[in-house]
Amino acid sequence: MAKIFAQHKGTFLVGALLLLSAVLLFLSVRRSPGTILVITKDGEEIVREELKEGLTFRVETDSGYNLFEVKRGERGELGICCREADCPEQICVEKGTVILADDPIVCLPHRVTARLITGK
């Protein structure tokens, strides 16, 4: 066993470095306390709030509404979802919970966008 390790020491080190890099990347993507929810309507920012579980925002437009909710994703991270909308295609609702910064939920018929940004 020691002989195999000695022969493949470089491979082992590369693998260990890759594993460490993956762990660091995973930790950097996780939600930090300074994550901000930004909702825009017609390109104008109407909501800028720190992400807190249970927050809901109803956005009214001339053509309908969207109801956004801050909730936990599949792995327990905080994210944003469009819980309800009265647009015909329901693409914004079907997107599910977004947990990554700059992965927006967009409702084209209502011209509404919700996204997360990392704040300070």
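This report covers the fold, the sheet, the core and selected residues of a predicted model.

## Basis of the model

Local features need pLDDT of at least 70 in this predicted model, side-chain atom pairs count only at pLDDT 80 or more, and totals for chains, interfaces and linings use all residues. Residues are numbered from 1 along each chain as its sequence is written, and side-chain values use heavy atoms, with hydrogens and water left out.

## Overall fold

The protein has three helices and seven strands; helices (H or I, at least four residues) and strands (E, at least two) are DSSP runs, numbered from the N terminus. Along the sequence these elements follow the pattern α-α-β-β-β-β-β-α-β-β.

Of the 120 residues, 32% are buried. Buried means under 20% relative accessible area, exposed means over 50%, and partly exposed lies in between (1.4 Å probe, protein chains only). Among contacts between residues at least 6 apart in sequence, 35% join residues at least 24 apart, where contact means heavy atoms within 4.5 Å.

## The three-stranded sheet

Three strands form an open sheet in the order β3-β4-β5, with antiparallel pairing; two strands pair if DSSP finds at least two bridges between them. The edges are β3 (56–61) and β5 (78–85), each with a single partner strand, so one side of each has no neighbour in the sheet. Neighbouring strands are turned by 25° against each other on average, direction ignored. For such angles, axes are lines fitted to C-alpha atoms, for helices over the stretch in contact, and angles run from 0 to 180 degrees between N-to-C directions.

Strand β4 (residues 64–72) pairs with β5 in the antiparallel sense over seven bridges. Val-70 has Ile-80 of β5 as its bridge partner. Glu-69 also lies in β4 and counts as buried because its relative accessibility is 18%. Leaving aside residues up to four places away in sequence, Glu-69 touches Leu-55, Thr-56, Gly-79, Ile-80, Cys-81 and Arg-83.

## Nonpolar core

The largest nonpolar core has 20 residues, of which Leu-37, Ile-39, Phe-68, Ile-80, Cys-92 and Ile-105 touch the most other members. Such a core is a set of buried Ala, Val, Leu, Ile, Met, Phe, Trp, Tyr and Cys residues joined through side-chain atoms within 4.5 Å. At least two residues of this core come from each of β1 (35–41), β3, β4, β5, β6 (105–107) and β7 (112–118). The largest share, four residues, is supplied by β5.

Leu-37 and Glu-50 are 13 residues apart in sequence and 6.1 Å apart in space, C-alpha to C-alpha. Glu-50 belongs to strand β2 (residues 44–50) and is partly exposed, with a relative accessible area of 37%.

## Cysteines

The structure holds zero disulfides, a disulfide being a pair of cysteine sulfur atoms within 2.5 Å. For Cys-87, the closest cysteine sulfur is in Cys-107 at 3.7 Å, too far for a bond. Cys-92 is likewise in no disulfide, and its nearest cysteine sulfur, that of Cys-87, is 3.7 Å away.

Cys-87 is buried at 6% relative accessibility, and Cys-92 is buried with a relative accessible area of 2%. Beyond residues up to four places away in sequence, the contacts of Cys-92 are Asn-66, Cys-82, Ala-85, Cys-87, Ile-105, Val-106 and Cys-107.
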